[in-house]
Amino acid sequence: QASGVEDVMATFSNSHDVLSADVSLERLCLTTWVIKGLRTKYSSSTGLCVEEFDHFCVWMNSAIGRGNHRLFFCHAYAQFLVLWCHFHLCFSWAVNLVGNEINQNVPSAISYFSVARGHPLLAASSLVSCLALLFVGSLVVDQTLGILFNMTTNEFINLERYKHFWESPERPTAGGCHVFENPFDKGSFWLNWLDFWYVRRRREKGPQRATRNITWTLWCMRSGLMLQTQWRKFKHEVVTSAKALVFRSRKRA
C-alpha cells in the first residue's frame, strides 16, 4: 500500500491539470493527504476535500461543491418560487378580508389588525413566508451572481485570503495596493453561465484574466450572507426562548 508521500509524488509527476503550475506543497491537505486544487477546500463537517467548494449547507447537512452545486441551485430556485406563490396567496386572501372590513365602514388600519386577530394562522403563515422569502431570495441572488462571475460563496467570503485573485499592478502605487483579477472568469457572463451548467470546467483558468470591478457584486453577496446569518441567529433565539418557556411552564406544573 502506497504511503501518503508516494501519493503526493505521483500527483506531481502525473498531473496534467491546467493549474498544475500552481500546485505546491502549500496546497497539500495534511488531513486527507490530497493535493488540493485552487478551488478545492477541506470541509471539517464532512472530513473530505470538496472540489469547487461553495459552502456547507446546514439545512441539507451537506457540503455544496462540484458534484451537487447545480442540483442545489435548482432546489433553491424551486423553493423560492414555492415560497413566493404561498406568500402571494396569503397576501391576496388578506387583501380580500381587509376589503370586506373596509366595506363595512371600518378604518383600514383597524381592518388589518382585525384581520390579523381574527385569522392568527393566516398572519403567522404570512410572516413566516415573508421572512423565509427574504432568506431564500438572498440565497438565490448570491448563487446567481456567483455563477455569472464564476466565483464561489467561499471565495467571496475569504477573497482577501486567496493570493491567486490578487495581482500586483504594472505601476506600483504608494499604498502598494493589489488589483483584483479572477483567473477563472471565462470572459463573459454567458460563458460563465454555460461553464456552470454544461462545460463543467470552472476549476480551470479562463483564456485571459478578467479585471472587472466587482465592488457592487461583493456588496450584494456579503449583504445577502449577512441577512442569512441574522435570520439564523433570530431563529436560534426564538427556538431557545420557546424551549426556556416550555421548561419554566413544566417546572411550575
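Start by selecting Phe73, Tyr77, Trp193, Phe196 and Trp197: ring pairs link them into a cluster. Rings of Phe, Tyr and Trp (its six-membered ring) pair here if their centres lie within 6.5 Å; planes under 30 degrees apart count as stacked, over 60 as edge-to-face and the rest as tilted. The structure holds 10 aromatic pairs. Take Phe73 and Tyr77: their ring centres are 6.5 Å apart and their planes sit at 15°, so this pair is stacked. Both belong to helix α2, four residues apart, about one turn of the helix. Colour by accessibility and you'll find Phe73 buried, at a relative accessible area of 8%, while Tyr77 is partly exposed at 42%. (Buried means under 20% relative accessible area, exposed over 50%, partly exposed in between, with a 1.4 Å probe and protein chains only.)

Trp193 and Trp197 make a tilted pair, 6.0 Å centre to centre with 50° between the planes. They, too, are four residues apart, in helix α6, about one turn of the helix. Trp193 is partly exposed at 29% relative accessible area, and Trp197 is partly exposed at 26%.

Before going on, a word on what you're looking at. This is a predicted model: local features need pLDDT of at least 70, side-chain atom pairs count only at pLDDT 80 or more, and totals for chains, interfaces and linings use all residues. Residues are numbered from 1 along each chain as its sequence is written, and side-chain values use heavy atoms, with hydrogens and water left out. Now colour by pLDDT (the predictor's confidence in each residue, from 0 to 100). The chain averages 77, and 68% of the residues score at least 70. Helix α1 (residues 4-14) has the lowest confidence, at a mean of 59, and strand β6 (residues 62-64) the highest, at 92. Where pLDDT is low, the predicted coordinates should not be read in detail.

Switch to cartoon: the chain has seven helices and eight strands. Helices (H or I, at least four residues) and strands (E, at least two) are DSSP runs, numbered from the N terminus.

Stay with α6 (residues 189-199) and pick out its buried residues, Asn192, Asp195 and Phe196. They cover an arc of only 90° around the axis, which puts them on the same side of α6; the arc is that of the directions from the helix axis to the C-beta atoms.

Next, select Cys57, Ile64, Phe72, Ala76, Leu83, Ala132, Leu133, Phe135, Val136, Leu139 and Val140, the 11 residues of the largest nonpolar core. Such a core is a set of buried Ala, Val, Leu, Ile, Met, Phe, Trp, Tyr and Cys residues joined through side-chain atoms within 4.5 Å. Helices α2 (69-103) and α4 (120-148) each supply at least two of its residues, and α4 gives the most, with six. A second, separate core has 10 residues, including Leu145, Tyr162, Phe165 and Phe180.

Last stop: Glu155, in helix α5 (residues 153-157). Is Glu155 buried or exposed? Buried, with a relative accessible area of 3%. Leaving out residues up to four places away in sequence, Glu155 touches Arg39, Asn150, Tyr162, Phe165 and Phe184, a contact being heavy atoms within 4.5 Å.
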